[in-house]
Amino acid sequence: MSEAEHFWDEHYRTHSAPGQRANPLLVETAGQRTPGTALDLGCGAGGDTFWLARHGWRVTAVDVSGTAVERIRARAGDLDVTAERHDLATSFPGGTFDLISAQYLQTPLPLDRARVLRTAAAALRPGGLLLVVDHGSIAPWSWNQDPATRFPTPDEAAADLALDPARWVKRRADMPQRVATGPGGQTATVTDNVLLIERTG
């Protein structure tokens, strides 16, 4: 078992409640699209996966944690959901997609995120969207409480990807704030760093 798998398995074992809520920026983006194929990178407890599937998407859910993946499989029922375990540092799911969502794909362990997201961009079908939502601030309930943490801006994240602008177009790059609810019911105002990229025809 890799260090990343062990870390996130422990995380999901101690956060046993299944994910019920979808991330609002995923809902906002996907809700404006005709359902097709979606890839949920870092699916975690499954809130985004199951929202997409219930709204007509065919979803591939991916996480490094075998615990998270097995829980997705157990809950999928008749929904069009495939769950796969991948350590994105070493492997990536096959196929092409109309929507790829990377919600808070941030980790204290080594991960070449730019490489992962470039691979994701290449897995988009023409007209497909890559939605990257990162933490732009530290919530009181986050595993990361280091006040020295610096979060790259959406424009910086886009620059790191170094995608050909003739083939991938940046549709959104902003830093909205929202009131978030933590696992214990506490609330806080947080910042999201949002990057939305479309693969052109």
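This briefing describes the fold of one protein chain and then looks at a few of its residues. The structure is a predicted model, in which local features need pLDDT of at least 70 and side-chain atom pairs count only at pLDDT 80 or more, while totals for chains, interfaces and linings use all residues. Residues are numbered from 1 along each chain as its sequence is written, and side-chain values use heavy atoms, with hydrogens and water left out. The chain contains six helices and eight strands, where helices (H or I, at least four residues) and strands (E, at least two) are DSSP runs, numbered from the N terminus.

**Overall shape and surface**

- Read from the N terminus, the elements of the chain follow the order α-α-β-α-β-α-β-β-α-β-α-β-β-β.
- The chain has a radius of gyration of 16 Å, which agrees with the value near 17 Å that a compact globule of 201 residues would have; this radius is taken over C-alpha atoms, and the globule rule is 2.2 Å times the number of residues to the power 0.38.
- Along its principal axes, the C-alpha trace spans about 45 × 45 × 30 Å.
- Of the 201 residues, 47% count as buried, where buried means under 20% relative accessible area, exposed means over 50%, and partly exposed lies in between (1.4 Å probe, protein chains only).
- The accessible surface of the chain comes to about 9,800 Å², and 50% of this surface belongs to carbon and sulfur atoms; the areas come from the Shrake-Rupley method with a 1.4 Å probe, and for residues only the protein chains shown count as cover.
- Among contacts between residues at least 6 apart in sequence, 65% join residues that are at least 24 apart, a contact being heavy atoms within 4.5 Å.
- The mean positions of the 20 positive and 24 negative charges are 4 Å apart; Lys and Arg count as positive and Asp and Glu as negative, while His and the chain ends are not counted, and the place of a charge is taken as NZ of Lys, CZ of Arg, CG of Asp or CD of Glu.

- Thr29 lies in helix α2, which covers residues 24-30, and with 10% relative accessibility Thr29 counts as buried.
- A polar atom of the Thr29 side chain lies 2.9 Å from the backbone oxygen of Leu25; a polar contact is a pair of N or O atoms within 3.5 Å, where within protein one must be able to donate a hydrogen and the other to accept it, and residues adjacent in sequence count only if both atoms are side-chain atoms.
- Not counting residues up to four places away in sequence, Thr29 touches Leu129, Leu131 and Leu196.
- In helix α4, which covers residues 66-76, the residues Gly66, Thr67, Ala68, Val69, Ile72 and Ala76 are buried.
- An α-helix has 3.6 residues a turn, so residues three or four places apart point the same way.
- At the start of α4, a side-chain oxygen of Ser65 reaches to within 3.2 Å of the backbone nitrogen of Thr67, and α4 is followed by Gly77, whose phi is positive, near 55 degrees.

**Val59 in strand β2**

- Val59 lies in strand β2, residues 58-63, and is buried with a relative accessible area of 2%.
- Not counting residues up to four places away in sequence, the residues that Val59 touches include Ala38, Asp40, Leu52, Val81 and Thr82.
- The C-alpha atoms of Val59 and Ala123 are 14 Å apart, although 64 residues separate the two along the chain.

**Asp134, Leu105 and Tyr104**

- Asp134 lies in strand β5, residues 124-135, and counts as buried at 5% relative accessibility.
- Among the residues that Asp134 touches, not counting those up to four places away in sequence, are Tyr104, Leu105, Arg113 and Asp192.
- Leu105 is found in the loop between β4 and α5 and counts as buried at 12% relative accessibility.
- Leaving aside neighbours within four places in sequence, Leu105 is in contact with Leu41, Gly42, Leu88, Arg113, Val116, Val133 and Asp134.
- Tyr104 lies in the loop between β4 (97-103) and α5 (113-122), is buried with a relative accessible area of 17%, and has a positive phi of about 55 degrees although it is not a glycine.

**Ala162**

- Ala162 lies in the loop between α6 (154-161) and β6 (168-174), where it has a positive phi of about 50 degrees although it is not a glycine.
- Ala162 is exposed, with a relative accessible area of 62%.
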